[in-house]
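Here is a friendly walk through some backbone and ring details of a protein chain. Have the sequence and the 3D view open as you read.

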Amino acid sequence: MSRILLALSLLGLLGYEHAAVAQSAGDPVSSALQAFGALSPDQQQALLQQVSGQGSAAGPGSVAGQGAQSNARARAEALAQAQSMGRRAPLAATEDLLPHRLKADDTFIIQLSIRRQKLEWPPGANLDANAPVPAAAAQPKLAPEIELTTKERLKIDATRKLIAAKNPYQLDAVGALQMPGFPAITLAGLTEEQAAQRLAIEPELQKLDVKITWLPVQRPGAGLKHFGYDLFEQAPSTFAPGTDVPVPGDYAIGPGDLLLVQLYGSQNRTLRLSVGRDGHLAFPELGPIQVAGRPFSAVKAELEARVSRQMIGVRASVSMGDTRAMQVFVLGEAKYPGSYTVSGLATMTGALFAAGGVSEIGSLRHIQLKRAGKLVDELDLYDLLLEGDAAHDVKLQAGDVVFIPALGPTVTVDGEVQRPAIYELNGEVTATTMVRMAGGFTADADPGKAALSRVDAQRRRVVRDLDLAGAADGALPLQNADVLRVTRLKPTLDEGVTVSGQVYRPGSYAWEPGLTLSRVLPSLDELMSDADPHYVLVRRVDPATKRISVVSADLSAALAAPGSAADLPLQARDRLTIFDLNANRETVVRPLMEELQLQATQEHPLAVANISGSIKAPGDFPLEPGMRVADLIRAGGGLDTAAYNGAAELSRYVIENGQTRRTQVLSIDLPAVQRGEAAANLELQPFDRLYIKEVSGWQDQDQISLKGEVHFPGTYPIKRGESLRSVIERAGGLTDQAFIEGSVFMRKDLKVREQEQLDRLAQRLQNDLAAATMMAARGGQQGAGQAYSVGQTLLSQIKAAKAVGRLVINLKLAITAPPGSPEEVLVRDGDELVIPKRNQEITIIGEVQNATSHLFDPALSRDDYIALSGGTTRQADLKKVYVVHADGSVDATNVRWWLPHVGSTPIRAGDTVVVPMNAERMPLLPIWQSASTIFYNLVVARAAIRTF
């Protein structure tokens, strides 16, 4: 039973939690135990700890434990699927299921933070049992830090800063951590969590939480594997003698072999004849025949001949049945050395596969076959892997020993070769031969810039440059521990130009002396429809100094006069950019400006010019040599339609006496610049700023929307300073059903401001609700759950509410007031006026028994309408009842029972009576009074809009 329980637990860790996977993998118990048996003792112990819940300090039920198991199962499901398809998974795949254990040279980060107090939530809470605080509100916040004295905190902060400054850390060659101010601490073999626990017991770190994060860094050459060892990663699971393998003619017959003899002619039968231990074959009617040690082809010919001679009228056909099984030894640096039973047809490689292959410290080039203590042959697996030569993969005999010696001298080949790896040497090998063994150079390799790193006779690491394209360096003999690196060609385009941006065929073009812009872009058809043909930006690099410069050209002018001064001559490595007329050019220009800034010096400061105002693409642009005002306008995409075609302003810095800098403003005659007059087209200086003015009053057409009871509702364009009265007159005036007192006038900018206030109010209410609920829970206040529920409802309503942007106006005065009077309403772009139909209802909302509407009766007062709605609820605040009139104004007159005319607040058709909630009854919600008032006002405004 314990065996089954262990297997089922391992199935959970190894990813067999799905029934389909378990069925496809065969017997789940056997599969789990087989996978468990393939692990090392340390790995088996780690899995057993995970099964028993002891593998992690976090515990099996913790979030960290669940995450680790989830990741392990995700990786293990792929392993289980591979096993279910009949493939043997490599040991590395099984090792991936376990947490990483630190080893020598591992890199990791150490994070330290002051420990926090243990937080229990809710601490001593005594909430109302009938209305508990929801779980969402009962989530504990971040616990406070443990209490420290000032001296302790200063000391701990100094330790944290000292340790953090040395991140990342790396274990030394023996797996020890060297932290400043601490003795060497051995962490090799520990997981990240275990290593953190080990550090936490240090006296200086006992008041700190330690976290270690392993970084799977691959140093140059560290990720390379030894060549050839992956041949055995997908080894077959069994090595039973094969029955369907063709038997070669030189196969030596031996005891245990089975021969099939088919007789035909006067006799028709099949004989199954086995070779006895004495080497004889007992053939009926022919007697014993000596066959042991003889080739199968010779035995076949003899038997068929003897049957034909001695058995009259009978012929025979001899074939090979099951071959004998024999025992061989695979010793030395095999993964699983030992004795193996293999087929009589097995060769040396078959025995190697049976033993799991060669270990990483075993040789692939000197695998020996020994028979009766003598060396029979030596197998070089490189011949098989690189050239397909199996001449030395000889057949085995019973009792043979396949011996794998230790790994010999190695050379690492890295960089731009087809097969970078660590290769084992077999005699003297040159650099050229080594590259050929690595598959040759890649297409991006630079054979003339190879580097050889080796340890010289004085045990120093030295580097030597090699030109593998030459015969001398290519013939250099390599030695043990050499590292040969082939570098990549430079990514720069040495003999070409690059075109990008708004062109149909971006890419690289061949460069030759005399190449010009018109030859690279021979027609405007090469540009997209939204491309700017007047400003082509060219990034240029001087090969000698590596300094970057910028020039530009007008492609339209270049195509109009090929070969002229406008047709810019191009240089090798130029990068041409064609801009979009509809897009900002900053994304392309800014990186270029940053490059220019990096190479700027006091003698050669950054040359930049700025253009702003009514320009299509305002911003900073590189200042080219000889750049003028017209060139800067061209760089900005040209003048906008709103540009004032008169004078522009050029701001320029002027240095006086080499001590003071002042600003000089120059007036630019734009029409003269556009005509090409040199006097107006000034040459620009660094940091010049050109401002293009906008035509006075130029803006998009303003509009106002009229809805409801006007003769011609719709959207009307308005002129600057037009009044609402004028727009209504243009719309044909009001209809006879217009409810002027209930009109709603909305303004766009007011709506934006209202929405911002609503968002801020919602955020504040949410914070207040959380804080009040926690305070109530700590203090054991009764009704905390009910207060939370009410507050959450109101909060959700506030979040769902959308601003209206209503501006309270007296429409009757606005359409009758004379021009220039205070009652006149001037309209703006985006204004909206809604005039509903005549309204005869009075609406009662809030804390009443039946929130509804009543037909207006001039004889009824405010309190009469409240009484018609069933009266108020127990939560109503009778002192703060108010009336929202149809025009949006609010009458919040408080009445007292001892004063005459109780409830005499004037009520008109279309008004809304609001009975607010008494927040004082709930200790948690006194700050919510204003929120409910805002919400009710929004409801009233929305209702008024929907009535037209």
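## Backbone with positive phi

Ala 481 is partly exposed, with a relative accessible area of 40%; on this scale buried means under 20%, exposed over 50%, and partly exposed in between (1.4 Å probe, protein chains only). You will find Ala 481 in the loop between α13 (471-474) and β20 (482-488). Helices (H or I, at least four residues) and strands (E, at least two) are DSSP runs, numbered from the N terminus. Although Ala 481 is not a glycine, its phi is positive, at about 75°.

Glu 285 also has a positive phi without being a glycine, with a value near 75°. Glu 285 sits in the loop between β8 (280-283) and β9 (287-290), and with a relative accessible area of 52% it counts as exposed. For context, most residues other than glycine have a negative phi, and most peptide bonds are trans.

## How to read the model

This is a predicted model, in which local features need pLDDT of at least 70 and side-chain atom pairs count only at pLDDT 80 or more, while totals for chains, interfaces and linings use all residues. Residues are numbered from 1 along each chain as its sequence is written, and side-chain values use heavy atoms, with hydrogens and water left out.

## A cis peptide bond

The peptide bond between Asn 167 and Pro 168 is cis, with omega at about -5°. Pro 168 belongs to the loop between α7 (150-165) and β2 (169-170).

## Aromatic pairs

Rings of Phe, Tyr and Trp (its six-membered ring) pair if their centres lie within 6.5 Å; planes under 30 degrees apart count as stacked, over 60 as edge-to-face and the rest as tilted. By this rule there are six aromatic pairs. One of them joins Tyr 382 and Tyr 423 edge-to-face, at 6.4 Å centre to centre and 85° between the planes. That pair links distant parts of the chain, 41 residues apart: Tyr 382 is in helix α11 (residues 381-387) and Tyr 423 in strand β17 (residues 421-424). Both Tyr 382 and Tyr 423 are buried.

Tyr 535 and Phe 621 are edge-to-face because their ring centres are 6.2 Å apart and their planes meet at 85°. Tyr 535 lies in strand β23 (residues 531-541) and Phe 621 in strand β27 (residues 619-622), so this pair ties together parts 86 residues apart in sequence. Tyr 535 and Phe 621 are both buried.

## A cluster and a charge over a ring

Phe 227, Tyr 382 and Tyr 423 are linked into a cluster by ring pairs. Elsewhere, Lys 370 lies over the face of Phe 403, 5.2 Å from the ring centre; a charge sits over a ring if NZ of Lys or CZ of Arg is within 6 Å of the ring centre and within 35 degrees of the ring normal.
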